[in-house]
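Q: Can you walk me through the packing in this one? I'd like to start with the aromatics and then move on to the rest.

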Amino acid sequence: MQINFIFGVSNRMNAICHVINKYYLSSRNLLVYSNEHEALCKLDSMLWTFKDVSFIPHSFYKIDNNCEEEFIIVTSKKTNNMKSKEMLLINMSNIIPLCYNDFEGVVEIVSESEQERYEARSRWRIYKNDGHLLTGCHFNDFDSPKEK
């Protein structure tokens, strides 16, 4: 599985919206995870107002897997009968979700905060020790992969 880290983010929530938008426009199925309900509510609101002339369709959803939290799901396809192996997981928490292996890949977005960078380095080591392919790029260089 591929794990993509995006570094150099000054405003994490805004960057998450940009990343979601790029993946959405490339017709990727996304699930956004957070272990903080308030963060998901803030993201929910931002996705409706993120762009002046458009919005990113999404909804709260719960997939039956190892994760215990609510998710925001963003997709260009119908969500019923969707399997998590057909989706990318965008992790907006500072922990590794128990369900991360259930997805096609993971995207981690890391702010310039020293604490977040420290926590991201820890997640990087865990993913690497689990045998995953890791890539990293600066937010300014991020380009979403095309649909498989």
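Q: Is Phe5 buried or exposed?
A: Phe5 is buried, with a relative accessible area of 1%. Keep in mind that this is a predicted model.

Q: OK, and how many aromatic pairs turn up in the whole structure?
A: A search of the whole structure gives five aromatic pairs. Take Phe5 and Trp124: their ring centres are 5.0 Å apart and the planes sit at 50°, so that pair is tilted.

Q: Which parts of the chain does that pair link?
A: Distant ones: Phe5 is in strand S1 (residues 2–9) and Trp124 is in helix H3 (residues 114–129), 119 residues apart.

Q: Which residues make up the aromatic cluster?
A: Phe5, Phe7, Tyr100, Trp124 and Tyr127 form one cluster.

Q: Staying with H3, which of its residues are buried?
A: Glu116, Ala120, Arg123 and Tyr127 are buried in H3. They cover an arc of only 60° around the axis, which means they are on the same side of H3.

Q: What's exposed on the other side of H3?
A: Tyr118, Lys128 and Asn129 are exposed there.

Q: And what do the buried residues of H3 pack against?
A: They pack against S1, H1, S5, S6 and strand S7 (133–138).

Q: What span should H3 have, and what does it have?
A: At 1.5 Å a residue, its 16 residues should span 22 Å, and the end C-alpha atoms are 23 Å apart, which agrees. After H3 comes Gly131, with a positive phi near 85°.

Q: Switching topic: how many residues are in the largest nonpolar core?
A: The largest nonpolar core has 25 residues, and Ile20, Leu43, Ile90 and Ile109 have the most contacts inside it. Elements giving two or more residues to this core include S1, helix H1 (12–25), helix H2 (37–49) and strand S6 (105–111). The largest share, seven residues, comes from H1.

Q: What is Leu43 in contact with, leaving aside its neighbours within four places in sequence?
A: Leu43 is in contact with Met13, Ile16, Cys17, Ile20, Val32, Ile72 and Met92.

Q: Which residues does the second core include?
A: That one is separate and has 17 residues, including Ile96, Tyr100, Val106 and Leu134.

Q: Last topic, the strands. How many bridges join S2 to S4?
A: Four bridges join S2 to S4, and the two run antiparallel. In one of these links, Tyr33 has Phe71 in S4 as its bridge partner.

Q: Which way do the side residues of S4 point?
A: Phe71 and Ile73 point one way from S4, while Ile72 and Val74 point the other way. All of them are buried.

Terms used
Residues numbered from 1 in each chain as written. Predicted model: local features only at pLDDT ≥ 70, side-chain atom pairs only at ≥ 80, totals over all residues. Heavy atoms only, no water. Phe/Tyr/Trp six-rings, centres within 6.5 Å; stacked < 30°, edge-to-face > 60°. Buried < 20%, exposed > 50% of the residue type's maximum accessible area, 1.4 Å probe, protein only. Core = buried A, V, L, I, M, F, W, Y, C linked by side-chain atoms within 4.5 Å. Contact = heavy atoms within 4.5 Å. Pairing = 2+ DSSP bridges. Expected span 1.5 Å × (residues − 1). Arc of directions from axis to C-beta.
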